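Open your viewer and keep the sequence panel beside it. We will go from the whole chain to single residues.

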Amino acid sequence: VRHSRHSQSGPSPSGACAVCGKTPADGAQLRRCAGCGRTTGVMYCGDACCRHHWVRMAHRQQCEAVQLARVVEGLMVAAEMGD
C-alpha cells in the first residue's frame, strides 16, 4: 500500500482511492466503503487500501460515527411518523 496522497479521512477527491489516490484512469476499480461510502464518498481500490484506512488512518471512528448518525436519523423519522 502506497502512502496516501490525502491526509484526511474524508471523501475521496475526484473518485480516487482514499489511501493511495488511484483513480479509474489509473486502472483502479473503485468501490465504496461498505459502512459509510454512500454518505461520505470514501472509496478504495482494493482490500489492502481498505484495511490500511480502517486500521492505520483511523477511518473506523469516522465510519462508525456516520453509521450511528444514520441509525439515529432513522429512529427520529420513525418517531415523527408515529406521532
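Start with everything selected. Among contacts between residues at least 6 apart in sequence, 46% join residues at least 24 apart. A contact here means heavy atoms within 4.5 Å.

Two ground rules come next. This is a predicted model, with residues numbered from 1 along each chain as its sequence is written. Local features need pLDDT of at least 70, side-chain atom pairs count only at pLDDT 80 or more, totals for chains, interfaces and linings use all residues, and side-chain values use heavy atoms, with hydrogens and water left out.

**Colour by confidence.** pLDDT is the predictor's confidence in each residue, from 0 to 100. The average is 85, and 82% of the residues score at least 70. Now select residues 1-12. Their pLDDT stays under 50, and the model has 35 contacts for them beyond four places in sequence. Where pLDDT is low, the predicted coordinates should not be read in detail.

**Switch to cartoon.** Look for three helices and two strands. From the N terminus on, the order is β-α-β-α-α. Helices (H or I, at least four residues) and strands (E, at least two) are DSSP runs, numbered from the N terminus.

**Select T23.** T23 sits in the segment before strand 1 (31-32). Is T23 buried or exposed? T23 counts as buried because its relative accessibility is 19%. Buried means under 20% relative accessible area, exposed over 50%, and partly exposed in between (1.4 Å probe, protein chains only). Leaving out residues up to four places away in sequence, T23 touches G15, A16 and A28.

**Move to A58.** Find A58 in the loop between helix 2 and helix 3. A58 has a positive phi of about 60 degrees, yet is not a glycine. Most residues other than glycine have a negative phi. At 41% relative accessibility, A58 counts as partly exposed.

**Select residues 59-82.** This is helix 3. Its 24 residues should span 34 Å at 1.5 Å a residue, and the end C-alpha atoms are 35 Å apart, which agrees. The expected span is 1.5 Å times one less than the number of residues. Which residues of helix 3 are buried? They are H59, C63 and V66. Their cover includes helix 1 (37-40), strand 2 (43-44) and helix 2 (47-55).

**Finish on L68.** L68 also lies in helix 3. With 54% relative accessibility, L68 counts as exposed.
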